[in-house]
Structure formats: C-alpha cells, structure tokens
Amino acid sequence: QKVSVEMLDHLEHLALVDFRDSEGVERLQKAIQFADQLHEVNTDGVEPMDSVLEDRCLYLREDDVTEGNCTKELLDNAREKVEEYFVAPPGNIPLPKLEERDTFLQGS
Amino acid sequence: AALKDRLRSQVSAALKEGRVTPTELCQRCLALIKSTKFLNAYITVAEESALKQAEESEERYKRGQPLGVLDGIPIAVKDNFNTVGIETTCASNMLKGYISPYNATVVQKLLDQGAVLLGKTNLDEFAMGSGSTDGIFGPVRNPWSYSKQYKEKCVPKSHSEDEESNWVITGGSSGGSAAAVSSFTCFAALGSDTGGSTRNPAAHCGVVGLKPTYGLISRHGLIPLVNSMDVPGILTRCVDDAALLLGSLAGHDPKDSTTIQDDFKPFELPNLTDVSKLSIGIPKEYHAPGLSSEILALWSKAADLFKNAGAKVVEVSLPHTRYSIVCYHVLCTAEVASNMARFDGLEYGHRSDMNESTESMYAATRREGFNDVVRGRILSGNYFLLKENYEKYFVKAQKVRRLIANDFMKVFRSGVDILLTPTTLTDAAPYTEFIQEDNRTRSAQDDILTQAANMAGLPAINIPTALSERGLPVGLQFIGRSFQEKQLLTVAKWFEKQVQFPMIQLEEVKRHDNGVFQHQKSASFS
C-alpha cells in the first residue's frame, strides 16, 4: 500500500527535511517494503534489546563541575549571535500548510 | 626506515635509534600524499600542524624521552572525528568549514602519545554508505586500481579506454582511511564501524581493519550515526600494529558513558604456534547469495588451513543472519533520525539564509546541508518511529536484534572460540559499475557479512588474505567474543603469518621510498 500525501507531509514536518521529488517518495516506499520483512520473524516472548551492554551498570560520575567556561569557543561556531545568545528567527510561526508551501508534494 | 615498514617492529625502533627522524617521516608522508592526490583519500591535510608535531617529537627523541611507541608516528583520522583546529566535515555541506573546539577522545589519546596527525580522511557523507563514493568531496579511489597487480590483469575493454575509467572503489564508509594506510601515506588510521564501515574498505584495500567490542573504545567526539552500534575502527598494515593502536585507545572514558569500566591492559600479541586447542566456527549462513566463487574457495581454503594445523573446525549456524540487514535498516534509520536532529544551523554548521521562522530556517538549512542519502534515512527513520509504527517496526527490530545477538551467544557457549567468515561478497567493483545501484541497495548488499557483529557488539577483524583473479585484495573476517580482543588478534596474527598477503606494488611509493631502508619481506621492490 502506498503512503498517503498527508503522511508524507506529516513526515516532512516532523523531520524538517523534504522529499524533494518523486524519487524521494519512492525511496521511502522501498524502505518500508524492505522493513516489512521483519514481520517474518517470530519474536514471541522476546524482549527488545536497547543495548548490548544491558547487563552492566551505567557509569555515574560525581556531580562535580569538571569543565566548562568555554562560551567563546562555543559561540565561535555559530553564524548568528548577539552577545552570548544564539539568535533564531521568530519561533511561533508554523510551517506553511501543504497547499501554501513550495513543495513538489502539492502536485501529488 | 621505509614508509611501508611495520610500526612497532621497525619504524619505532628506527626512530628511537635515530636512523630516521619524525620530521623526515612526516615530510615523506606529506610528499606521498601530494603525489597520490588523485586517490582523493584526504579531505584536509594538516601540513603545518603535522610538521610542528613532528618537530616537537624530534625534540623528545633527542632528549631520549619519547612519549611511547607512537611518538612521531604519522597517522590519519576519518573526517567524522572532531579535531581542534582542523576542519571536521563528515563529507557534508552541513559541516563544511566547521572547526571543532574539542578533540575526540581517541584523537586526544593519539596526540597525547606524540602521534603526528597528518589530516582527515574522506568518507561517505556522515558515514552512510559502503563505497566512500557519496561525500561532497567526491569518491575515494582504491590504491590497488593503480597497482602493478591490478593493471596486469586489466583487459582494456576498448582501444581508447585508459586507467581513468577502470579504477575501483575502496568500499566504505572509511574508504579514505583505508586508502591512506594502503598507499603508505600513514602508518595507521582511524575509521568508524557501524555496519562494517572499517572492515569493508579494509578488505577491498588489502589492509587490516579492526572493529573493537562495543564499549571498549570511547565514542566521545565521534559524530554519531547509530549510538548503540558505532565504534571507532582501527586500520593498519599488520595485526601487531592494530594491537598497538588498540592498546593506546581502549579504556573507560568518563565522557562516554557507554564505555565499560573494567580495567583495560594493553597487550603484546604472542606468536601462536599451536592452534590445536582452538575451535573455529564456520557459520553456514555466511555463504550468502552473491558470494563470489573465488571468495568461497578462499574461505574454504582458510578453514582447511586451520584444520590441517590441528584446530577444531566446525560448521555452526546463526539462523537470524539474513534478518540483520533489515533489522539494521530500521534501527539505523531510527537512530539517524534522532542524531541528525541536532543539525539545525543554530549553534554550528551550515545555516540557511532563510529567516522567516525557526522551523523554515531549520528546514531550509537541512535541505541545503544534507545529501539524498542522509535525507532519505532521516525520513525513513521518522516513519518507523511514528506512534502507529513504533511497535511494529522499531521495537520489533529491537527484538530481532536480541535474537541475532543470542545466535552468537549460543555458538560461543557451545565451545567455539572464533568465527571465520568472508568480509565482502566480491572484490572491489569498478566505480562506474558501483554507482549503477543506489546507496541503500549497495549498503544492503555489502554490509551483509559485517553487520551482524555490530548488532551483537562483538569484536571483528578483516585480514587481507589473497589477491583475486582481477589482482585485487580479498579479505577474510574473524569474529570473537565480547572483550576478547587479545584472543581474536592472536588468532588473526597467526592467520596473517600463514597467508603472507602480497605487498601492493605502486609506482608512486617506489619513487618516494627508494634506497633508504628495505625491510626483509620486500621482494616486490628488489
């Protein structure tokens, strides 16, 4: 079954990455088809595995400050900044709806 | 000392005895990098800083106080490890021009021991790929394409065709590192391994490629692909050198909570002579569709080698092997979707000029910064992580992962010490042929023999074994038990000694290395 345009739009929204063209959509369809092979495997009673180190205790260090004070180095890599702030464009503006956006998905 | 010498046994001794200086070594490597530029193995060559490091090393040797065996040794690092003062790009527009404020732990460890960092090597964008062909700086060329061995076997298809179109890929994604080691421009290189990215190019480039146990070497500073599977990889020209590098890099890092806390003791490899107590497992599922008859024969020959030497060789089964690629596909894309979320243009990396809103700036930045492969994986990953798909795909894949890991546990518990498998399905493909299929298809095909070890977190190593009919390297893989690198490398070293893999005969190296110091095995340069 094919992925709906609404789903594609939803994914573009979540990922903030676009499909760019029909090839991108094809790629997703193929990826889903490929992943469906997983359902051939019987996993009854099997626990999901998060980490191969699951039998070990995670290392916890003391809550002491051991490094930091590198504001200048960190800000050096940012393009837009003001004093010690990273500057972002206004945040409470949602991405335009599918109909209004400049995306190839509109044509689908 | 010659550039093709072995690190521990020859170059280090030569440095200590003053027969060669770190500056000389560094200059020779830099010159060779220049003359092998067509390989496109390096993204950034840090000439100035490397020479400075070499000078400092030389001072230490003069005072009789070298920092260790690695002092003055030229090495290269894959461009997905953070390095201070040297661009770290991950072969992506997203990080072009990015200069990290910190060194990855493994890089820092090498520098602390006096190693000379020559530069950053080329890779597939964000380490996604199995050819080292999909980065913004172009594909890496396998040095063997220019070897006497390959050229002799090459039948030009047409009168006008020259070696320009015949060159073969390095494999990937650590192709630049593998090519750098293979062409003698450095003595060792760091790669990364998530699905085979160190072992695959090692096999195609005829070098040793070690994937350590997950949790042994720090990932702090390695730009992550799949947090639960990534490991730094080690590429060298012999097993002893790999053990040496491992000794310098392994151990708990407080900055990486996924490194184990057990004490790690660096080791020297014994010269194994008696393999009669060894049990070698041959997993039948690794006789995968597409495995070339050549490699199958080589694998069989290797098994016989162990048998004839007195080892116990048994066929074993890892029944879920064929699902490891599908499992990987889901887990990898899911983790990628999460890991790539940090690239939004705000704190570092590329930032779009789009300024209408935060979201549109993020979207435009990511549109401009990522290639198709990366974007494709992010979108797939997001699909598998949707609420309605989470159980069906992501959790399901995690369950299958446990089954794959359990397969290995069962086999090791039954008394098998080491598994012997092929590393790749075929020898290196010509670039023009390789690019006929897309990245995902290629990765799915090429990772099939290497991926499961990442799934289970086990150590694995590629050992160059023989040349194919086309004159290209073919390697075999050994997979060991968790944290049993010493045993794995000991067996690998024994095998390496038995097969006596031929040295690459490259015109460029011959020119650079004439006269000075030939080591015993160099029949090819006589």
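Modeller: One term before we start: contact means heavy atoms within 4.5 Å. Also, this is a predicted model.

Colleague: Fine. Which residues is Ser352(B) in contact with, leaving aside neighbours within four places in sequence?

Modeller: Ser352(B) is in contact with Arg79(A), Met361(B), Ala364(B), Thr365(B) and Glu368(B), if neighbours within four places in sequence are left aside.

Colleague: And where does Ser352(B) lie?

Modeller: In the loop between H11 and helix H12 (358–369) of chain B.

Colleague: Buried or exposed, that Ser352(B), and why?

Modeller: Ser352(B) counts as buried because its relative accessible area is 3%, and the cut-off for buried is under 20%.

Colleague: What does the Ser352(B) side chain make a polar contact with?

Modeller: The side chain of Glu368(B), at 3.0 Å. A polar atom of the Ser352(B) side chain also lies 3.0 Å from the backbone nitrogen of Met354(B).

Colleague: Change of topic. Which residues of chain B does UniProt list for the amidase domain?

Modeller: The unreviewed UniProt entry lists "domain: Amidase" for residues 28–147 and 169–489 of chain B.

Colleague: How far apart are the end C-alpha atoms of residues 28–147 of chain B?

Modeller: 20 Å, and that span is 27% helix and 12% strand. For residues 169–489 of chain B, the end C-alpha atoms are 27 Å apart, with 41% helix and 14% strand.

Colleague: Now cavities. How many of 30 Å³ or more does the structure hold?

Modeller: It holds 3 of them.

Colleague: Which residues line the largest cavity?

Modeller: Its lining is made of Ala127(B), Met128(B), Gly129(B), Thr194(B), Gly195(B), Gly196(B), Ser197(B), Leu225(B), Tyr328(B), Arg377(B), Ser443(B) and Asp447(B). By class that is 4 nonpolar, 6 polar and 2 charged residues.

Colleague: And what lines the second largest cavity?

Modeller: Pro270(B), Asn271(B), Leu272(B), Thr490(B), Lys493(B), Trp494(B) and Lys497(B). They divide into 3 nonpolar, 2 polar and 2 charged.

Colleague: Back to Ser443(B). Which residues of helix H16 of chain B are buried?

Modeller: In H16 (residues 439–446), the buried ones are Asn439(B), Arg442(B), Ser443(B) and Ala444(B). Ser443(B) is also in the lining of the largest cavity.

Colleague: What covers the buried residues of H16(B)?

Modeller: The cover includes helix H2 (22–35) of chain A, along with helix H11 (324–339), helix H13 (372–384) and helix H15 (431–434) of chain B. At the start of H16(B), a side-chain oxygen of Asp438(B) comes within 3.0 Å of the backbone nitrogen of Arg440(B).

Colleague: Last topic, H14. Is Gln398(B) buried or exposed there, and what about Glu388(B)?

Modeller: Both are found in helix H14 of chain B. Gln398(B) is buried, with a relative accessible area of 8%, whereas Glu388(B) counts as exposed at 53% relative accessibility.

Colleague: What does Gln398(B) touch, not counting residues up to four places away in sequence?

Modeller: Glu47(A), Pro48(A), Met49(A) and Asp50(A) from chain A, plus Leu331(B).

Colleague: And how far apart are Glu388(B) and Arg342(B)?

Modeller: They are 46 residues apart in sequence and 24 Å apart in space, C-alpha to C-alpha.

Technical notes: Residues numbered from 1 in each chain as written. Chains lettered and ligands numbered in written order. Predicted model: local features only at pLDDT ≥ 70, side-chain atom pairs only at ≥ 80, totals over all residues. Heavy atoms only, no water. UniProt positions renumbered as here; feature names shortened; annotations may be inferred. Helix = DSSP H or I, 4+ residues; strand = E, 2+ residues; numbered from the N terminus. Buried < 20%, exposed > 50% of the residue type's maximum accessible area, 1.4 Å probe, protein only. Polar contact = N/O pair within 3.5 Å; in protein donor to acceptor, adjacent residues only side chain to side chain. 1 Å grid on protein atoms, 1.4 Å probe; cavity = no way out; pocket = protein on both sides within 12 Å on 5 of 7 lines; lining within 4 Å. Points joined across faces, edges and corners; volume = space filled by probe spheres on them. Nonpolar A, V, L, I, M, F, W, Y, C, P; charged D, E, K, R; others polar.
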